[in-house]
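Open the model in your viewer and keep the selection panel at hand. This tour tells you what to select next and what is there.

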Amino acid sequence: MQGFRKIVLGVSALLISLSARADYAWNFPEPVTPMALDTLHVHNKFMLISMAIFFVVLAIMIYSIFAHRKSKNFKPVADKAPSTATEIFWTLIPFVILLLIDFVIMGIPAYHSVVMMEDTRNEAKMVIKITGSQWRWQYEYLDGDAKGIKFVSNLSTPKVQTDKGYEGVKDEQYLLEVDNRLVLPVGEKVRILMTATDVLHNWWVPQFGSSRVAVPGFIRETWVQVDKAGTYRGQCKELCGKGHGYMPIVVDAVPMEEYKAWAVAKNAEMAKAAAGSDKEWTKDELVAEGKVVYEKNCAVCHQASGAGLPPAFPALTGSKITTSPIFGADGKYLKDGHLDRVLNGVRVMPAWKALLNDTEIAAVITYERNGLGNSVGDVLQPSQVKAARQ
Amino acid sequence: MSTTTVAHHDDHAEHPTGIMRWLTTTNHKDIGTMYLTFSLIMFLVGGSMILAIRAELFQPGLQLLNPEFFNQLIGVHALIMIFAALMPAATGFANWMIPLQIGAPDMALPRLNNWGFWLLPPSAILLTLPFTLALFGIGDGALATGWTFYPPLSVQGGIGVDFAIFAVHLLGISSVLGSINIIVTLFNMRAPGMTLMKMPMFCWGWLITAFLLIATIPVLAGAVTMLLTDRHFGTHFFDAAGGGDPIMFQHLFWFFGHPEVYILLLPVWGFIPQILEAFSRKPMYGYKAQVYSLWAIGALAVVVWAHHFFTAGMPVPALLYFMYSTMAISLPLAVLFFCWIKTMWKGSMSFETPMLFAVGWIILFGIGGLTGLVLADVAADAQYHNSYFVVAHFHYTLFAGGIMGIMAGTYYWLPKMTGHMYNEKLGKLHFWLTAISFNMTFIPQFFLGLAGMPRRIPDYALQFAEFNMISTIAAFVLGLSQLIFVYNIVSCARGGKKATDQVWEGAKGLEWTLPSPPPYHSFTEQPVVK
């Protein structure tokens, strides 16, 4: 008896320590927007009702399974050829209960949730535009203090960690960290316009409770109002190709003053970057800058070595496009030349003109022509890219 | 001499032997056996694919597969399980059992029946061939868009998409042919006295399934053909730049896709009540109510499709309509659940393997149904959509509700089909292993989805590690348990204790009046039903 108690104590201690150590989550993460809060309430209520139905029915079944057995010599009691009235009565009972659950207990709150979810305009204080591309998000502020700010947000988990066969330590926010975070003011209703450049994507931050498909060629809308300062993370939720698992979302929700200060700083940073396109760069500067841009944006398909993943993603090392001239005799860039391809894209290749600034495009092209095993020797200046955009 | 010829001619039992028997057969039992065998093989193929995926998801980081191959496996796994495992299994039972249940000698259109089956192996090859071609440097592998083919990703994809489109065309033709055959058989070849409202429930389930197939498969075929012309012939059905709309594809696809769920489930809803009444030794409760409910579900099936993509964006009235109409499905379904349980109530139950599967099926399919009710809520759906919550939900409906139902049917009819009893101990072991490991695989996935793990990702954040590990271990137990099933079927086909004609004490229906196994041509003289 003593031994048995020891075993029970030991096993329960083990179970408790296991569950304490492990990072189990049993429900939605903490909601921080009115919509997520509403969703959590709806979910909890639905789950309680569902579980109540489930366990009551299960209990009836289990009772029947144990009581009405042949092995216990239970003689079948035939349902006395039910009169139509009885049959209708017994069919109507679950019918009425469900009617009540579906369309009253669940249906009425659901109606209000839908109306709230779709009301993107009333009381919205600012508008941002989110563009999904394979495999990154682009954010653009359309009005207010941050008007005109736009940037691309890439996964920033070191590539070595996401490579196949990596066995070392992973970052705490493995696959959920980006280089440029979306910054939003706390407590403001933000209307979000959503679109995509290539395939469907879906912008989803679980703690916001909003998720909307980004459709190329269309604008979809949703809204968030983050009521608590903090950092919130999410992921793309619509299969969008091989990088689908690698386009996270990180949002910093900050107080209004901090948001305004961030907007000023970000604007200054962008002005500085734009000024870079008027300056004359050396080849080494461009190659060094280009390597950074390449590894962030291009390596996912064309690989860090430039070998690509044929046939879907061609090699850049020794390819016709990266080694043939950029400009024609008339000084305009050649159709299907290197600059054309980077600016305008083709099929799977995105059009980078909306995603990268002049300096970044000049740098990455110069790097692709003078790195990755290529040595064409020429230099593309940011000013030339700026001119080509006209 | 002439008399023997006449006698020989009369029983029609002669048939070619070897491979020619199977290639040329027009016999409903031979064709049914081929459907069921094909289904079992493809079940193992699709299962191995998902085990590769679960192995990759065992822990964070990429260990075994690269993301491109991962994406190919998820889509092909689904297409194989739906079109090549579940649907052929139901069609196999239809072929075997409908003539026996309605007292007919064979199906109405035997040659068409043969063709319906022989379209399946080529389409399975079309689906999986791109994997092999990629090994030889041709193309970049199979369909990598998930089974839903959503453009523009599918317009962007490689030759795997074209192969899958043609595979779907062939599978669709096969299904429509099978459906025509079943409808014609059920309407024309019932034994004298068997009115429609005396037809066995399995026949009812299949009749409605057949109508759903004929109504929706052409829409799917049209949608994937539009995709094909978008890919190769310069049309812009799904390209906004040319005036098209990618979301239109989702409407067309799910107009087929939602009824497809009931296409997979209605045959099971047909024979489960028959199993329940057999092992409860008491007639099924509410026959009429069940038939009307099946019709109601069949009708609702074609008007609720857009709940599969609430997050794609649509007007508020559309959201509300699809939410409420989806919730309405719970009404006829609740009537069915009520009738099933009432059939067991105060019966004299015994728990042989078919009954174990049938009772387990009611419970697990109930979980699938209830979580489906929650998913209909548009606001909450924004969170569930495309997360692992949905993955768990539809495996409760399609694995528990579909495949475990098929297993119940297999154990129920196997002695009739082979003439031998299967190994009861192994059958029970198979049930318990399947039921427990199935729950251990998918309950963690509900929590993963709530915690925010999107589906179809090859690698995941560290916070999801524990549940994924449990799920993977259980998935391997689940996968390996199915080998017991295969062994049990094969050894039962080869020999074993002789089965009686009645097989199960409480089984009802014309199929149990024939010897086990039944003669090559089932009823040479029509039985009369009173």
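**Stop 1: where the chains meet**

Select chains A and B together: the contact takes 87 residues from chain A and 78 residues from chain B. Two residues are in contact if their C-beta atoms, placed from the backbone, lie within 7 Å.

A word on the model and its labels. This is a predicted model, in which local features need pLDDT of at least 70 and side-chain atom pairs count only at pLDDT 80 or more, while totals for chains, interfaces and linings use all residues. Residues are numbered from 1 along each chain as its sequence is written, and chains are lettered from A and ligands numbered from 1 in the order in which they are written.

On the side of chain A that touches chain B, H2, helix H3 (84-118) and strand S7 (210-214) each supply at least two residues. The largest share, 17 residues, comes from H3(A). By class, this side of chain A has 47 nonpolar, 21 polar and 19 charged residues. Ala, Val, Leu, Ile, Met, Phe, Trp, Tyr, Cys and Pro count as nonpolar, Asp, Glu, Lys and Arg as charged, and the others, Gly among them, as polar. Helices (H or I, at least four residues) and strands (E, at least two) are DSSP runs, numbered from the N terminus.

**Stop 2: two residues in chain A helices**

Select Phe103(A), in helix H3 of chain A. Which residues does Phe103(A) contact, leaving aside its neighbours within four places in sequence? They are Tyr324(B) and Met327(B). Phe103(A) counts as partly exposed because it has 16 C-beta neighbours inside 10 Å. The cut-offs: buried means 20 or more other C-beta atoms within 10 Å, exposed 12 or fewer, and partly exposed in between, with C-beta atoms placed from the backbone.

Next, pick Ile62(A), in helix H2 (residues 34-67) of chain A. Ile62(A) is partly exposed, with 13 other C-beta atoms within 10 Å. Ile62(A) and Trp223(A) are 161 residues apart in sequence and 47 Å apart in space, C-alpha to C-alpha.

**Stop 3: a helix pair in chain B**

Select helix H14 (residues 353-375) and helix H17 (residues 424-451) of chain B. Their axes come within 9 Å and cross at roughly 15 degrees. That makes H14(B) roughly parallel to H17(B). (Angles under 35 degrees count as roughly parallel, over 145 as roughly antiparallel, 65 to 115 as roughly perpendicular and the rest as oblique.) Axes are lines fitted to C-alpha atoms, for helices over the stretch in contact, and angles run from 0 to 180 degrees between N-to-C directions.

Show the side chains. Thr353(B), Leu356(B), Phe357(B) and Gly360(B) in H14(B) meet residues of H17(B), including Phe431(B) and Ala435(B).

**Stop 4: backbone details**

Go to Gln134(A) and Trp135(A): a cis peptide bond joins them, with omega about -5 degrees. Trp135(A) is in the loop between strand S1 (126-133) and strand S2 (136-141) of chain A.

Jump to Pro151(B) and Pro152(B). A cis peptide bond joins these residues, with omega about 0 degrees. Pro152(B) is in the loop between helix H6 (120-135) and helix H7 (153-156) of chain B.

Finish at Arg456(B), in the loop between H17 and helix H18 (465-494) of chain B. Arg456(B) is not a glycine, yet has a positive phi of about 60 degrees. Is Arg456(B) buried or partly exposed? Arg456(B) counts as buried, with 20 C-beta neighbours inside 10 Å.
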